[in-house]
Amino acid sequence: MRLPTPSPAAFLLAPLAACASPPALASAADDPLRNAIDSPKRSPENRARDAARHPAETLRFFGIAPTQHVLELWPGTGWYTEILAPLLAKDGKLTITNFDPNGPADATPTRLARELDAKLAADPATYGAVEVIYYAAVADLSATQGTFTLSGVERGKMGTAPLAAAWPT
């Protein structure tokens, strides 16, 4: 018996099946990522941006898991930090890079660093385990090689020089 030959479209579409959404969890309580995104501890301004930024879809695409050690580069005002810190607090770890809060007083990076430092200090129960690596310009992260399971720059520093290195885990 001769089997039908699959169409070329079947070969093109088959890889998309791997991108399908994971099976639904029994309840929202079983979904640590959803709990972190929906947390009332997140700022109202940042939660309002979720509809446009799609944090659950984005982080699931990257394969985020609560057991990972994640490096967040250039967190800006901490939009992802508000989600990642509680998600990783119990079984993982969040390390962020941030500009020098003691930099030039009139510089935007200095202001952003001070604002994010204040956010982290204001809620140690949520952000107390976040490790911060400060830098004045391009960070030398070579000492951290092999320690992260996920790193990324999400919507950060568009138009700047691309990050030139990646570290195996």
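Over residues 157-169, pLDDT stays under 50, and the model has 12 contacts beyond four places in sequence for that stretch. Keep in mind that this is a predicted model, so treat that end of the chain with some care when you look at the picture above. The protein as a whole has a mean pLDDT of 77, with 66% of its residues at 70 or more.

**Confidence along the chain**

**The overall layout**

- You can find eight helices and four strands in this protein.
- Reading from the N terminus, the order of elements is α-α-α-α-α-β-α-β-α-α-β-β.
- Out of 169 residues in the protein, 34% count as buried.
- The protein exposes about 10,500 Å², and carbon and sulfur atoms supply 61% of that area.
- Take the contacts between residues at least 6 apart in sequence: 62% of them join residues at least 24 apart.

- Strand 1 runs parallel to strand 2 (residues 93-99), and four bridges join the two.
- To get from strand 1 to strand 2, the chain goes through helix 6 (residues 81-88), making a right-handed β-α-β crossover.
- If you want to trace the pairing yourself, V70 stands opposite L94 in strand 2, and E72 stands opposite I96 in strand 2.

**Strand 2, with strand 3 beside it**

- Strand 2 is mostly covered, with six of its seven residues buried.
- Five bridges join strand 2 to strand 3 (residues 131-135), and these two strands run parallel.
- One of the pairs to look for is T97 with its bridge partner in strand 3, I133.

- The largest nonpolar core has 21 residues, and the members that touch the most others are L33, I64, L84 and L94.
- Several elements each supply at least two residues of this core: helix 2 (32-37), helix 5, helix 6, strand 2 and helix 7 (108-122).
- Helix 6 gives the largest share of the core, five residues.
- L84 turns up again when you look at A65: the two are 19 residues apart in sequence and 9.9 Å apart in space, C-alpha to C-alpha.

- A65 sits in the loop between helix 5 (55-61) and strand 1.
- Because its relative accessible area is 22%, A65 counts as partly exposed; the cut-off for buried is under 20%.
- H54 is found in the loop between helix 4 (50-53) and helix 5.
- Although H54 is not a glycine, it has a positive phi of about 55 degrees.
- H54 has 40% relative accessibility, so it counts as partly exposed.
- W74 lies in the loop between strand 1 and helix 6.
- W74 also has a positive phi, about 50 degrees, although it is not a glycine.
- With a relative accessible area of 24%, W74 is partly exposed.

Conventions
Residues are numbered from 1 along each chain as its sequence is written. This is a predicted model: local features need pLDDT of at least 70, side-chain atom pairs count only at pLDDT 80 or more; totals for chains, interfaces and linings use all residues. Side-chain values use heavy atoms; hydrogens and water are left out. Two strands pair if DSSP finds at least two bridges between them. A crossover is right-handed if, with the strands pointing away from the viewer, the path from the first strand over the helix to the second runs clockwise. Buried means under 20% relative accessible area, exposed over 50%, partly exposed in between (1.4 Å probe, protein chains only). A nonpolar core is a set of buried Ala, Val, Leu, Ile, Met, Phe, Trp, Tyr and Cys residues joined through side-chain atoms within 4.5 Å. pLDDT is the predictor's confidence in each residue, from 0 to 100. Contact means heavy atoms within 4.5 Å. Accessible areas come from the Shrake-Rupley method with a 1.4 Å probe; for residues, only the protein chains shown count as cover.
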